[in-house]
Amino acid sequence: MKRVGRLFEKVISESNLYKAITEVNKTHRWNHYPDKPNKTVLWVEKTKIERINELRKIICDGFVPAPCVVKKRYDHNAQKWRMISEPKLYPDQYVHHALIQVIQPVLMRGMDRWCCGSIKGRGAHYGIRAIRKWMKNDRNGTRWCAEVDIRHFYDSTPKSAVMKRMKCLIKDYRVLDLIGRIISDGIKIGVYCSQWFENTLLQPLDCIIRKYVKHYIRYMDNFTLFSNRKKDLKKAILEIQKWLSQIGLKLKDNWQIFRVKNRLPNALGYRFGRNYVLLRKHTLLRFRRCIKRYYVLMDKNRPISLRFAQGLLSRFGMLRHCNSGKIYNGIRKHTQRHLKNIVRAYQRKQQATWSEYLLKHNAKEG
């Protein structure tokens, strides 16, 4: 694949930096408290021209990332604790977005069609539709299934492997130097660039797997492979292990191969049958607990918090992509509408408060 050059000028261009500022500010307007706007975002929003020039100077002079704030959070879907790194808002996150906006088309050139996760338009539902189609229309090609996962993917990925892959795609040494500076402390969960670097790193592995299996989907470091022969899946897993060992990674020991007629494939938060899709058991259990708690609060005339309403609405969204008719029938019809009204009321209030703060700052400057 031909390498791409002359990217640094695009990274530091005024239009690219303006777009990066707009994208970051859009999702970081508020602190953890809804009535307190983020002062950094407010400052950047009011001084965009000065910040664009400053960001250009920071990148040209040699960007030095600040230490990330590490927070421990529980991932309910994976049922485990994760260490999430949060980069400094200014200038780090603005620099990250400015870089990815330019190199994203380059990274997407060799991306496998069924590589999902952290890619716009390729979320979990993109993969769910694919597996659902394969299971229904190709019974012979999905007789056997393999579920594979990389052990400590982000923490164990060496920086040298990422830089080697980047050098195969990019020849602009200044962009490569910027990438090296961003990953100087390693590939961390929570950093915007990390998900792009990791997906790009595994592109050659996707091509190898395609030689052995008919249907294959990858959600970050989780592999789901389908084939009509068990030995093809074994060969594919051996090739995965061999390739990963070359860059210092390895598979989890709990990888497994099974016949689909004896067990349902488990991927992307669902279990897939031939003509139906089910929620995972622990996901369904959490949903029932949440809906029960909602009814208790309503019966006692207690307020529903915004966070609880958003969480329960997201679980309603998961039900839309599986066979959940019996569950829907047991839920009161006005429940979802009430939850949406809570979220809408908060968003209107938030937008009005933000506009009020902008007017105050305009009056002070005037």
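This is a predicted model: local features need pLDDT of at least 70, side-chain atom pairs count only at pLDDT 80 or more; totals for chains, interfaces and linings use all residues.
A salt bridge is counted here where a side-chain nitrogen of Lys or Arg lies within 4 Å of a carboxyl oxygen of Asp or Glu. Side chains of opposite charge can pair when their charged atoms come close.

Five strands form an open sheet with mixed pairing, in the order β3-β5-β6-β4-β7. The edge positions are taken by β3 (115-116) and β7 (256-259); each has a single partner strand, so one side of each is left without a neighbour in the sheet. Within the sheet, strand β4 (residues 144-149) pairs with strand β6 (residues 222-227) in the antiparallel sense, over six bridges. In this pairing, Trp-144 is placed opposite Ser-227 of β6. Helix α6, spanning residues 124-137, lies across β3, β5 (215-219) and β6. The helix runs at about 160° to β5.

The side chains of Lys-214 and Asp-138 meet at 3.0 Å, N to O. Lys-214 belongs to the loop between α11 (203-210) and β5, and Asp-138 to the loop between α6 and β4, so the pair ties together parts that are 76 residues apart in sequence.

Arg-82 and Asp-75 form a salt bridge through their side chains, with an N to O distance of 2.9 Å. Arg-82 is partly exposed at a relative accessible area of 27%, and Asp-75 is likewise partly exposed, at 21%. In the salt bridge between Lys-48 and Glu-45, the N to O distance is 3.4 Å. Here the lysine, Lys-48, is buried, with a relative accessible area of 15%, while Glu-45 counts as partly exposed at 28% relative accessibility.

Salt bridges also occur as a network, in which Glu-9, Asp-172 and Arg-174 are linked.

Terms used: Residues are numbered from 1 along each chain as its sequence is written. Side-chain values use heavy atoms; hydrogens and water are left out. Two strands pair if DSSP finds at least two bridges between them. Helices (H or I, at least four residues) and strands (E, at least two) are DSSP runs, numbered from the N terminus. Contact means heavy atoms within 4.5 Å. Axes are lines fitted to C-alpha atoms, for helices over the stretch in contact, and angles run from 0 to 180 degrees between N-to-C directions. Buried means under 20% relative accessible area, exposed over 50%, partly exposed in between (1.4 Å probe, protein chains only).
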